[in-house]
Amino acid sequence: MYIKFWRLRNYPLYPMDWPVVGMLPSLVANLHNFHDELTVVLATNGCNFKARGPVASGMRFFVTAEPANVRHIFTSNHANYPKGEDFAEIFDIFSGTIFTIDGEAGRQHRAMFQNILSNPRLLALMASCCRDKVVNGLLPFLTRMGSTRTTFDMQDLITRLVFDLTATPIFGVDPGCLSISMPSIHVATAMDTFMEVGLFRHTMPACFWKVMRRLNIGPERKLAMAETVMHAFIREMTEKSKARCADLLDDVLAMDIISANPSVGRDDVLLRNVLIVHMIAGRDTVGTTLPWVFYNLARNPRVVSCIRKELAPIASLKATALASNSISSVVVFDPKETEHLVYLQAALLESLRLYPPGPIERKVVLADDVLPSGHQLCSGETILISIYAMGRMESLWGKDCHVYRPERWLSEDGAKLRYVPSNKFMAFNTGPRMCLGKDIAIAQMKTIVAAVVWNFDMEVLEGQSIEPKLSCILQLKNGLMMMVKQRE
Ligand code: HEM
């Protein structure tokens with residue numbers, strides 16, 4: 001009674017803080033709708049609140065969606081807010097890589113990736129892989145589905161596409177997930193497991209999941225099996241990569257990683273983990289974003305028309321060339337052709353605002369500090385930054401913050417993209433650890449979305465339940481059933 005009264009008086013929508021068990025029951029009860037619940041709580045509590053786990057668990061959280069705090073944590077005082085040891089333990093499969101390390105070692109890994117991801121030869125290889133997969137995998141599949149009016153799971157399709165186009169430049173070998181036989185995608189499923197069990201570990205006191213790991217039960221058993229699958233895949237692909245002729249080997253990203261960092265041997269555990277992280281960085285992000293993009297587009301025909309209007313001048317030039325060569329009627333757009341298309345980019349950013357693939361960032365406090373919001377933080381406390389909630393705050397995006405409206409990213413005349421600071425739009429992170437693959441990701445997504453939107457009308461099947469999975473990434477729990485029709 002007292003707790004209820006205290007809660008209503010002080011914080012209208014604060015998660016219930018029970019004696020002994022803390023806020024754990026509230027968390028578990030709302031887990032199915034976690035991100036939306038968190039958004040409401042943050043919106044009604046001025047973008048910040050503190051939470052705690054069960055007594056003696058040591059779990060103390062500060063949750064924020066305030067850009068000034070984000071700037072302080074990620075940029076001005078970032079050395080005081082590492083990912084921390086708990087995070088590295090939770091994601092031990094990525095041990096020793098850029099995903100889990102902080103400080104000087106993190107800076108060195110970042111410099112290595114920066115070097116690799118700015119190599120024009122590799123960028124050209126990534127762009128041509130993406131185009132090949134669109135031409136030979138995605139469009140033929142959609143044409144078949146359209147001509148037979150068959151429904152299909154867009155998330156599964158995108159998972160296959162992005163898995164192939166991420167792995168091919170890394171190993172120089174196409175795993176062929178998006179091929180006519182549509183083979184089982186157990187490696188992609190294993191990668192999903194890393195993120196699902198990652199969330200489970202985040203919500204439990206560490207001692208709980210460590211005991212489960214030792215006993216090899218529950219989610220920990222599933223994780224151990226997923227690790228075995230992933231390691232076997234990396235071994236097999238590396239073998240296939242080595243079996244190709246020596247001069248071609250120089251063309252793949254795995255070799256770039258080795259030559260950029262001589263301490264990483266070809267068969268080393270660290271190399272294996274770095275390769276896994278590369279697969280995750282490319283696949284989990286673009287692969288998670290695109291189904292939401294198609295979901296938003298299918299429900300917003302006006303936006304689809306605006307994208308087609310922007311593509312039309314390029315497509316008409318291509319149509320003339322195609323007619324004279326009498327090749328297939330589908331049109332594919334190259335990265336150079338879509339680079340300057342601002343409306344298409346705004347449509348992607350708007351989807352990322354509402355559905356960021358990584359909905360939460362986690363940091364730990366090294367030394368006691370005071371945030372710009374006035375909140376005091378103690379050493380050892382964990383900070384959760386809800387990127388999902390930040391994209392839906394009325395105080396940041398206005399009254400129509402829940403509406404999918406790409407125009408908010410454009411200048412008055414629609415000719416340019418507006419500047420939006422990265423501490424307000426956090427999908428690609430902010431500060432010195434900002435995403436290194438942003439431009440690559442945007443270019444890949446433009447190629448894929450332009451090809452689909454130009455050649456097909458899309459429809460989301462009515463009556464399906466659209467909700468995020470319980471995972472560290474914002475995948476759709478039940479997939480996304482769609483139908484397409486090839487345009488005249
Ligand atoms: C929609 C696409 C993408 C989104 C939204 C995205 C988002 C992010 C975010 C939020 C982080 C910070 C992660 C963290 O430290 O907790 C990050 C880091 C990173 N991303 Fe991306 N990413 C995308 C695509 C890519 C792609 C395609 C690549 C590689 C080709 C890539 C490479 C990286 C790397 C290397 C880092 C580590 C940077 C560092 O820690 O210093 N990303 N990305």
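Which order do the three strands of the open sheet have? In this predicted model, the order is E3-E9-E8, and the pairing is antiparallel; strands count as paired if DSSP finds at least two bridges between them. Helices (H or I, at least four residues) and strands (E, at least two) are DSSP runs, numbered from the N terminus. Residues are numbered from 1 along each chain as its sequence is written. As the model is predicted, local features need pLDDT of at least 70 and side-chain atom pairs count only at pLDDT 80 or more, while totals for chains, interfaces and linings use all residues, and side-chain values use heavy atoms, with hydrogens and water left out.

The edges of the sheet are strand E3 (152-153) and strand E8 (456-460), each of which pairs on one side only. E3 is joined to strand E9 (residues 481-486) by two bridges: Asp-153 has Met-481 as its bridge partner, and Phe-152 has Met-482. E8 and E9 pair over five bridges, also in the antiparallel sense, and here Phe-456 is partnered by Gln-486 of E9. In general, strands of a sheet pair through backbone hydrogen bonds, either parallel or antiparallel.

Two helices accompany these strands. Helix H7 (residues 120-147) lies across E3, E8 and E9 and runs at about 90° to E9. H20 packs on the sheet as well, touching E8 and E9, and its direction makes about 95° with that of E8. Contact here means heavy atoms within 4.5 Å; axes are lines fitted to C-alpha atoms, for helices over the stretch in contact, and angles run from 0 to 180 degrees between N-to-C directions.

Turning to the ligand, 21 residues surround it, the closest being Lys-83, Arg-110, Glu-361, Arg-433 and Cys-435; a residue is included if one of its heavy atoms lies within 4 Å. By class, the shell holds 12 nonpolar, five polar and four charged residues. Nonpolar covers Ala, Val, Leu, Ile, Met, Phe, Trp, Tyr, Cys and Pro, charged covers Asp, Glu, Lys and Arg, and the others, Gly among them, are polar.

Oxygen atoms of the ligand lie 2.6 Å from a polar side-chain atom of Lys-83, 2.7 Å from a side-chain N or O atom of Glu-361 and 2.7 Å from a polar side-chain atom of Arg-433. Helix H6 (103-117), helix H14 (269-298) and helix H20 (438-455) each give two or more residues to the shell, with H14 supplying the largest share, five residues.

The iron atom of the ligand has a single protein donor, Cys-435 (SG), 2.3 Å away. Donors are N, O and S atoms within 2.8 Å of the metal (3.2 Å for Na, K and Ca), and sites may look incomplete because water is not among the atoms. Cys-435 sits in the loop between helix H19 (394-397) and H20.

Definitions and conventions. Polar contact = N/O pair within 3.5 Å; in protein donor to acceptor, adjacent residues only side chain to side chain.
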